[in-house]
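Subject: Structure handover

Hi,

My notes follow below it.

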Amino acid sequence: MTDLRIDIAVKAGDFALEADFRAGQGITAIFGQSGAGKSTLLRTVAGLMRPERAHVEFGGQVVEDTEKRIRVAARKRRVGFVFQDDRLFPHMTVRRNIAYGARGNARPGQEQFDGIIALLGIEELLDRRPATLSGGERKRVAIARALMSDPQILLMDEPLASLDFARRERIMPYLERIRSRTRIPILYVSHEIDEIARLADTLVIMSQGKVVVSGDTAALFARSDLGAYLGSHQASVLLRGIFRRYEAEYGLMQVDLEGYTVFLLGPPDREDLPQPGTALRLRVHARDVAISLTPRSDISVRNQLPMVIEEVVSGDDAFAEIRGMVGLQVLKSRITRKTVDDLRLRPGMSVYAMIKSISFDRRLVQEHD
Amino acid sequence: MLTGGELQIILLSLKVAATAMAAALPLAFFVAWALARWRFRGRSLLQAITTLPLVLPPVVTGYVLLVSFGANGPLGWLSREVLGLEFAFRWTGAALAAAIMAFPLLVRPIRLSLEAIDPGLEEAAKTLGAGRLRVLATVVLPLSLPGILAGVILGFAKALGEFGATITFVSNIPGQTQTLSLAIYSFLQSPTGDMAALRLIGISVLLAIGAIVASEWVSSRLAAGGASSRD
């Protein structure tokens with residue numbers, strides 16, 4: 001289902017932006033280096049910039065179409081914009097900041113207000129002023145304010161960029177909650193591949209004012225030709241697995257991956273364990289995947305998945321990237337070219353991918369259906 | 001104690017200055033807004049005109065007013081016929097002269113405070129569904145309040161003491177256009193007026209100190225409003 005359609009061309013001085021993509025529910029990440037035109041894209045969707053040519057559609061409404069001479073004013077577009085610099089009103093309390101958005105559009109009641117406050121955990125902050133909040137608190141208030149305007153789309157411009165690692169880790173779960181509890185599409189601008197691996201359902205890669213490619217995040221991570229944008233040294237894949245059970249004795253989670261059982265570390269807090277049967281997104285870096293020609297029992301690595309090699313891509317350095325299929329899912333392994341030659345690895349070969357349990361990204365994400 | 005004459009002079013001066021501020025403030029805010037936010041043709045011209053009363057000799061400003069707003073002046077005729085407002089040799093004329101002389105002092109602090117407001121806040125308000133008027137009332141005005149107050153206090157003090165343009169435009173008529181400064185001037189001209197002039201000078205000093213105390217109080221209240229929310 002397409003909830004969001006964007007086809008725009010913007011000129012601002014020397015800079016030109018062209019973007020054309022569709023996205024559904026959940027989080028659509030706009031990924032690219034600074035200067036790629038990500039913020040311009042968001043501002044155009046919000047109606048804060050005048051495009052040369054545009055068709056922008058979300059929530060079942062066309063808000064801009066230059067050919068049909070449609071242009072809905074920014075204040076009537078019902079976008080919830082979380083700006084990179086928060087833009088909280090300094091002269092108002094947190095409560096008034098959040099309530100501000102409720103007046104313009106259809107007025108949400110006290111119940112919705114309480115719900116949003118609870119969702120973002122800011123009950124304690126309501127009577128304070130923005131100047132007294134920490135960076136992470138400010139961000140949560142800004143998100144609450146945007147949600148309170150009952151938006152048809154949520155636009156987030158690098159919401160975590162100004163925060164340190166610990167604060168990012170604390171805000172991510174709120175973003176995941178918003179994704180799973182609201183049905184509105186979220187456009188999420190970022191240049192952090194880790195955030196995208198964790199949050200994005202759809203990925204739009206931008207470079208120099210153009211969309212390079214867009215599509216399902218896991219599918220794009222699986223491709224071997226996007227290393228220039230996603231970083232070949234950091235190459236990773238996103239696997240979909242079903243949580244089966246928790247081995248409390250060892251602190252390990254059993255996850256079903258294409259009919260094979262893999263073991264990964266459970267979360268530090270057992271409260272955070274998902275329900276059995278929950279679909280999880282597992283991230284594995286290519287550099288953490290070793291290749292064996294035969295299954296081994298005399299080795300510490302417990303996760304040994306049969307894999308059929310699809311492609312061997314040699315880099316211009318010492319390394320090569322092996323791309324193979326485990327069942328229907330793509331796995332990547334980054335090993336030296338020398339090893340490729342020694343083992344005579346070629347497309348079509350059946351091998352075993354060896355993954356240490358500790359190599360799975362421990363920050364688990366529930367998959368959207 | 002104050003004599004009846006002195007009281008009349010003080011009340012007239014306050015009336016003239018207050019009217020000047022009330023009339024000039026909306027226009028001053030608009031001009032400050034235009035200069036702070038818009039890039040348009042004639043912007044530097046507007047800026048020059050706004051600053052002009054500050055650099056022109058007040059007598060010249062008064063003369064220009066006399067020629068244009070006097071009994072036979074084109075603007076004087078227009079305001080009389082259309083608005084029913086007479087300026088020549090009336091206290092309203094003194095207020096007009098005071099307003100024009102105080103205008104640059106009013107515009108500058110307001111403009112500075114408007115320029116200090118992050119335009120991003122206005123964008124944020126827009127995306128939250130606020131129209132222009134609501135953005136003005138809930139974001140721009142509250143955030144520029146310190147500048148507006150500073151401008152009003154400066155402008156009020158200027159209006160209270162205005163001399164050159166006032167005496168040129170509306171003359172020095174006791175009970176009608178004789179404000180504090182003009183009265184002091186008159187008493188100093190008369191051989192027996194030294195004592196009366198001295199009393200008025202003392203009153204001027206007291207008024208000035210009062211204005212300073214009031215402005216300090218207002219700005220400390222504003223600062224306290226920000227601080228009390230910090231706990």
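How many helices and strands does the secondary structure of chain A come to? The count is nine helices and 21 strands. Please keep in mind that this is a predicted model.

**Overall form of chain A**

The radius of gyration of chain A is 23 Å. The globule rule gives 21 Å for 369 residues, and the two values are close, so chain A is as compact as a globular protein of that length. Along its principal axes, the C-alpha trace of chain A spans about 65 × 50 × 35 Å.

**Confidence**

The model has an ipTM of 0.82 and a pTM of 0.83. Chain A has an average pLDDT of 89, with 96% of its residues at 70 or above. Chain B also averages 89, and 96% of its residues score at least 70.

Within chain A, strand E20 has the highest confidence, with a mean of 96. The lowest is in strand E21 (residues 365–366), with a mean of 67. In chain B, look out for residues 226–231. Their pLDDT stays under 50, and the model has five contacts for them beyond four places in sequence.

Nine residues of domain 1 of chain A are in contact with 13 residues of domain 2 of chain A.

Which elements give two or more residues to the domain 1 side of this contact? They are helices H5 (165–181), H6 (193–199) and H7 (217–222) of chain A. H7(A) gives the most, with four residues. By class, the domain 1 side has four nonpolar, three polar and two charged residues.

**The open sheet**

Chain A has an open sheet of five strands, in the order E16-E20-E17-E18-E19, with antiparallel pairing. Strands E16 (289–292) and E19 (329–336) of chain A stand at the edges. Each has a single partner strand, so one side of each is left without a neighbour in the sheet. Neighbouring strands of the sheet are turned against each other by 45° on average, direction ignored.

E16(A) pairs with E20(A) (residues 350–355) over four bridges, in the antiparallel sense. Here Ile291(A) stands opposite Ala353(A) of E20(A).

**Strand E12 and its partners**

Strand E12 of chain A (residues 236–247) pairs in the antiparallel sense with strand E15 of chain A (residues 279–285). That pairing runs over seven bridges. In it, Leu238(A) stands opposite Arg283(A) of E15(A).

E12(A) also pairs with strand E13 of chain A (residues 252–257), antiparallel over five bridges. Arg245(A) has Gln254(A) in E13(A) as its bridge partner. E12(A) and E13(A) form a hairpin, with four residues between them. Gly251(A) sits in the turn and has a positive phi of about 70°.

**Contact with chain B**

How many residues of chain A are in contact with chain B? There are 22, and they meet 15 residues of chain B. Strand E7 (79–82) and helix H2 (94–104) of chain A each supply at least two residues to the chain A side. H2(A) gives the most, with four residues. By class, the chain A side has eight nonpolar, seven polar and seven charged residues.

Best regards

How values were computed
Residues numbered from 1 in each chain as written. Chains lettered and ligands numbered in written order. Predicted model: local features only at pLDDT ≥ 70, side-chain atom pairs only at ≥ 80, totals over all residues. Pairing = 2+ DSSP bridges. Axes fitted to C-alpha atoms, helices over the stretch in contact; angles between N-to-C directions. Contact = placed C-beta atoms within 7 Å. Nonpolar A, V, L, I, M, F, W, Y, C, P; charged D, E, K, R; others polar. pLDDT = per-residue confidence, 0-100. Rg over C-alpha atoms; globule rule 2.2 N^0.38 Å.
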